[in-house]
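The sequence and the coordinates may be consulted alongside the text.

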Amino acid sequence: MSESETRQTEVIPQWKQDEVDKLVDFVESYESVGVVGVAGIPSRQLQAMRRELHGSAQVRMSRNTLVNRALDQVDDGFEELKEYVAGQVALIGTNDNPFALYKELEASKTPAPINAGEVAPNDIVIPEGDTGVDPGPFVGELQQVGASARIMDGSIKVTEDSHVLSAGEEVSEELSNVLAELGIEPKEVGLDLRGVFSEGVLFEPDELAIDVDEYRADIQSAVAAATNLSVNAVYPTTQTAPTLIAKATGEAKAVGLFANIESPDFMPELISKADAQLRALAANIDDEEALPEELRGVSAQSAEPAAEDESTDEEEAEAEADEAEADDTDDDEGDEAGDALGSLF
């Protein structure tokens, strides 16, 4: 029997088993369970974070070996979280979805000073401007870490934005002291989500770091494209049926008006159309004696209503007549208007 197999068969102390049981209950109590890194977080700040999460998520700390044992006992895929259980970590449980959990944890992070020996999480830049520090040795310290600094107007000033360290490089003691003096806090402190298991799926941070606004815009664009495709393909759905019916109604009405179909639904428009054509023709007849009294005086320049109390349909018809005059109605339209004039008389 190997040493590892021997250890697995050993009886663990009761307090450890009790702790494992509590961890199992914790994991089984939430829809989403993850592993968060807590390294570098001061105890007081960690407690404050746990209070802020109260009601939406809960953090549970324990020994890594006991956490791994609990994840094995729960099984159901939770054992996949074991790969993230290394260093200073804790379990976090929530009934919210993993995306909301990640967003909440990222929002709860706060700026913090960086210590000597730590790795810079991003590029560190000392900004241009007055440091507020009186002339003295500090100007040399700034220059030593790579900042462009000089004494001006009785104060130490950084003359331009100075890139002093790249992401991934180790912070020296000199740079740490300079940043602390300037009040620059180049890192963020908070619960660092390493992985979360939810509804049978394991998520990592890069999968959860989405731009909500961009995601919403993409969905809206996709819905619009799908709706457009459905309408153009005349594929009825609950969402597109009203649009398809309205489109079909409009097209049927256009055909009816073009074909002069005498339907009760088209009569107001047909009458307006005939009236407009009639007035257009009357405006081009020089002999007013050949016109009925109500059409006398209609000119090519103006075919306005004779009275203010005429209906809306009449106003629209006269507007169409004006437009017809400007377009110099062709012979076919004149013939059609002549037929309409003959039918009225």
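**Strand pairings and surface patches**

Val-36 stands opposite Leu-193, a residue of β11. The model in which this pair is found is a predicted one.

Within it, Ser-198 has Val-201 of β12 as its bridge partner. The two strands β11 and β12 form a hairpin with two residues between them.

How many of the seven residues of strand β11 are buried? Five are, and the strand, residues 192-198, is therefore largely enclosed by the rest of the structure. Buried here denotes a relative accessible area under 20%.

A further set of strands forms an open sheet. Its three members are arranged in the order β6-β8-β7, with antiparallel pairing. Because β6 (129-130) and β7 (149-152) stand at the edges and each has a single partner strand, one side of each is left without a neighbour in the sheet. In general, strands of a sheet pair through backbone hydrogen bonds, in either a parallel or an antiparallel sense. Between β6 and strand β8, residues 155-158, there are two bridges, and these strands run antiparallel. Gly-129 stands opposite Val-158 of β8.

Phe-99, Ile-210, Val-212, Tyr-215, Ile-219 and Val-223 make up a nonpolar surface patch of about 510 Å². Helix α9, residues 212-232, supplies the largest share of this patch, namely four residues. Ile-210, by contrast, is located in the loop between α8 (205-208) and α9. With a relative accessible area of 40%, Ile-210 is classed as partly exposed, because that category covers values between the 20% limit for buried and the 50% limit for exposed residues.

Is Asp-21 buried, partly exposed or exposed? Its relative accessibility is 33%, so Asp-21 counts as partly exposed.

Terms used
Residues numbered from 1 in each chain as written. Predicted model: local features only at pLDDT ≥ 70, side-chain atom pairs only at ≥ 80, totals over all residues. Heavy atoms only, no water. Buried < 20%, exposed > 50% of the residue type's maximum accessible area, 1.4 Å probe, protein only. Pairing = 2+ DSSP bridges. Patch = residues over 30% accessible without salt bridge, like charges linked within 9 Å, V, L, I, M, F, W, Y side chains within 5 Å. Areas by Shrake-Rupley, 256 points an atom, 1.4 Å probe, with all protein chains shown as cover. Salt bridge = Lys/Arg side-chain N within 4 Å of Asp/Glu carboxyl O.
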